[in-house]
Amino acid sequence: MTTTPDLLGAIVAATQKITAVRRERESLSSLERRAATAAPRGEMFLAALSSTGRANVIAECKRRSPSRGVLAVNYDPVAIARQYEAGGAAAISVLTEPTFFDGALEHLSAVRQAVTLPLLRKDFIVDEYQVVESRTLGADAILLIVAALDDARLADLEACARAYGMDVLVEVHDALELDRALKLATPLIGINNRNLRTFNVSLHTTIELLPRIPADRVVVTESGILAQRDVAQMRRHGVHAFLVGEAFMRAPDPGAALTALFS
């Protein structure tokens with residue numbers, strides 16, 4: 001499905017407005033005080049993705065996507081997260097973006113109470129307020145999307161996340177974005193096989209970028225992993241970490257779908 005070229009810009013603009021509203025409801029200083037009481041577990045997220053002896057899956061809780069529409073009509077992120085944990089997920093990603101993905105902050109905090117796995121807050125992070133917010137909600141890691149941020153913002157948001165003990169998964173789609181991501185300290189490089197401007201998907205995106213990534217980085221392939229042959233192809237190329245949402249969310253039992261895809 002082809003979408004308008006400025007969809008990413010529209011999502012970022014909506015995120016900025018929503019964040020401004022939340023900042024009016026609770027000040028950053030108040031949020032920082034709450035975040036200071038939350039125990040960081042960022043090292044658990046990195047460790048969960050670092051094994052090369054197995055496929056390490058970040059299983060995603062996501063009700064809707066702009067390209068595919070509603071994925072799960074009866075969406076219960078807590079039940080889904082529990083199924084993922086039972087199905088062998090290494091970590092769980094929770095969509096919190098409300099306008100385009102039907103996410104909510106409450107989904108992340110509820111999942112945090114239900115499972116022990118490390119959690120990634122999946123959102124369009126553009127402001128330090130969201131980083132601190134992520135810590136209060138129980139996130140162990142945040143996503144930073146290179147296409148949505150300039151270099152200064154990337155560095156500032158990464159530093160903020162690390163100050164609160166969270167890991168950072170930095171997401172890229174092409175060689176120029178990868179070069180920018182490699183300037184950051186995080187070892188976690190997510191390669192999104194989906195172009196966020198057109199929403200077209202190709203697994204060759206990951207394969208083509210792999211030779212440019214230093215051996216000390218952990219590569220997470222994102223989007224388009226739909227069949228066991230996709231998993232096998234990535235593992236043959238030395239990729240052992242996967243972020244998968246759609247293939248699970250369309251299944252009656254997401255946890256069983258996870259087990260079947262990665263068995």
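**Close-up views around strand β9**

**View 1. Strands β8 and β9 sit side by side.** Strand β8 (residues 188-192) pairs with β9 in the parallel sense over five bridges; two strands count as paired if DSSP finds at least two bridges between them. Within this pairing, Ile191 has Thr221 of β9 as its bridge partner. Between β8 and β9 the chain passes through helix α10 (residues 204-209), and this β-α-β crossover is right-handed: with the strands pointing away from the viewer, the path from the first strand over the helix to the second runs clockwise. Helices (H or I, at least four residues) and strands (E, at least two) are DSSP runs, numbered from the N terminus. This is a predicted model, in which local features need pLDDT of at least 70, side-chain atom pairs count only at pLDDT 80 or more, and totals for chains, interfaces and linings use all residues. Residues are numbered from 1 along each chain as its sequence is written, and side-chain values use heavy atoms, leaving out hydrogens and water.

**View 2. A look at the side chains of β9.** Five of the five residues of β9 (residues 218-222) are buried, so the strand is largely enclosed by the rest of the structure. Buried means under 20% relative accessible area, exposed over 50%, and partly exposed in between (1.4 Å probe, protein chains only). Val218, Val220 and Glu222 point one way, while Val219 and Thr221 point the other way. In a regular strand the side chains alternate between the two faces of the sheet.

**View 3. On to β10.** Strands β9 and β10 (residues 241-244) run parallel, joined by three bridges. Glu222 has Leu243 of β10 as its bridge partner. The β-α-β crossover from β9 to β10 goes through helix α11 (residues 228-236) and is right-handed.
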